[in-house]
Amino acid sequence: MDIAYLNGQQLPLAQASVPVLDRGLLFADAVYEVIPVYAGKAFLLDEHLQRLANSLAGIRLANPHTDDQWQGLLNALIDANGGGDLSLYLQVTRGAAPRRDHRLPENPTPNVIAFCQSRKPPDAAVFDQGVATISMQDTRWTHCQFKSTSLLANILASDDAARAGATEAIMLRDGQVMEGASSNIFAVIDGVVQTPRLRPEILPGITRGLLLKLAKANAVECLETDVSLAQLKSAEEIWLTSSIREIFPVTRLDEQPVGTGKPSPIWAQMRRLIHASTA
Ligand code: PDD
C-alpha cells in the first residue's frame, strides 16, 4: 500500500510530495476520483475516467492523459501495491505557478497524484443495525457535479454528523435532499425507490449510476426525482451509496427511526446485486 504515483513515476508514498506553490494546496484547485478495486481490478474504471474528464473540463484544465494512459498507469499502480481489495485515489492539480495568483496560469503543468489505501469491510453493526444520519443545510458551492478537492464544507458536515453520533450528514437546499457529505442518497417512498435527480448541486455518483442500472435490469421501480426532507422522514427505507461504502442502510434520521428502524428488504436485495456485479 505504500507505492504512490507522481507525474510519471512510482515511488514510496512517504517520499511523494508536491511544491508549496501547488495550486491544489493553495486554492483546492484540483479534482479527484476515488475508485474501488476488487481483487486487483479497478471497478467501473471507464465511468470514473469519464467523470474525471468532466471534472477537468469543468475547472478548465486539460486532461493530462488519454483514457489508455490513465488505465495503464493506474493498473500498474494497483499491481505495485499487490492488488487485492483497495481504494485507489487519484488527483490532478493545476500544478505550481511561479507565484500565488488567483488568475489561472496560461500553460499550467498539472501535478498528477495517485495512491492506494486498503479497503476494510465496515463493522458488522452497519449491516445488522444500519447507520444514523443527520440533515443539515448544504453550505457548499453549487458546482458539486465536479469532483473538486474543495471539501472543507463536506468535512465540517461529516464532523457535525460524527459529533451527533451519526455516520453521515444529509445536505438540504430549500428543504430538498441533495446528497450526503460523501455519498448519494436513495429512499423507498410508497414502495418506490427514489433518488434526488441530478443537478449541479449533486455529484453524479458512480455507485448511484450502478444502482439505477441494476434496479432497471431487475425490474425494481426507481425514480430520479425531487425528494424533500419531509418525504425522507416518512420513507420506508433510506440508503447511502458511495464507491467506498457501496450501499449502507440508514436506520435513523435526525434521531428518529427510519421505517422499521432496521435494515430492510429492498436494501438487502440491492446490496446483493452490487456484490454480484463486483465479483
Ligand atoms: N466520495 N457525493 C459526494 C459529495 C461524494 O464525495 C461521493 C463519494 C459520492 C458518491 O460517489 P461515488 O459513488 O462515485 O463514490 C457522492 C468519495 C468516495 C470520497 O470523497 O472519498
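Modeller: With a definition. Buried means under 20% relative accessible area, and exposed means over 50%. Keep in mind that this is a predicted model.

Colleague: Then try it on one residue. Is Leu 152 buried or exposed?

Modeller: Leu 152 has 60% relative accessibility, so Leu 152 counts as exposed. Leu 152 sits in helix α5, which covers residues 152-163.

Colleague: Which residues form a nonpolar patch on the surface?

Modeller: Leu 152, Ile 155 and Leu 156 form that patch. Together they have about 320 Å² of accessible area.

Colleague: And charge on the surface? Which residues form the negative patch?

Modeller: For patches, like charges are joined within 9 Å. Here Asp 46, Glu 47, Asp 67 and Asp 68 form a negative surface patch.

Colleague: Which helices supply at least two residues each to the negative patch?

Modeller: Helix α2 (45-58) and helix α3 (67-80) do. Take Asp 68, which is found in α3. Its relative accessibility is 61%, so Asp 68 counts as exposed.

Colleague: Now the paired charges. How do I read a salt bridge?

Modeller: Look for a side-chain nitrogen of Lys or Arg within 4 Å of a carboxyl oxygen of Asp or Glu.

Colleague: How many salt bridges does this rule give?

Modeller: The count comes to 13. In one of them, the side chains of Arg 23 and Asp 29 meet, at 2.7 Å from N to O.

Colleague: Are Arg 23 and Asp 29 buried or exposed?

Modeller: Arg 23 has a relative accessible area of 4%, so Arg 23 is buried. Asp 29 is at 9% relative accessibility and therefore counts as buried too.

Colleague: Which other partner does Asp 29 have?

Modeller: Arg 94 also forms a salt bridge with Asp 29, and their closest N and O atoms are 2.7 Å apart. Arg 94 lies in the loop between β5 (86-93) and β6 (111-118), while Asp 29 lies in the loop between α1 (23-27) and β3 (30-38). So this pair ties together parts that are 65 residues apart in sequence. Arg 94 is at 4% relative accessibility, so Arg 94 counts as buried.

Colleague: Which residues do shared partners join into one network?

Modeller: Begin with Arg 140 and Asp 138. Their side chains meet in a salt bridge, 2.9 Å from N to O. Both residues, Arg 140 and Asp 138, are buried. Salt bridges with shared partners join Asp 138, Arg 140, Arg 173 and Glu 179 into one network.

How values were computed
Residues are numbered from 1 along each chain as its sequence is written. This is a predicted model: local features need pLDDT of at least 70, side-chain atom pairs count only at pLDDT 80 or more; totals for chains, interfaces and linings use all residues. Side-chain values use heavy atoms; hydrogens and water are left out. Patches are made of residues with over 30% relative accessible area and no salt bridge: like charges are joined within 9 Å, nonpolar side chains (Val, Leu, Ile, Met, Phe, Trp, Tyr) within 5 Å. Accessible areas come from the Shrake-Rupley method with a 1.4 Å probe; for residues, only the protein chains shown count as cover. Lys and Arg count as positive and Asp and Glu as negative; His and the chain ends are not counted. The place of a charge is taken as NZ of Lys, CZ of Arg, CG of Asp or CD of Glu. Helices (H or I, at least four residues) and strands (E, at least two) are DSSP runs, numbered from the N terminus. Buried means under 20% relative accessible area, exposed over 50%, partly exposed in between (1.4 Å probe, protein chains only).
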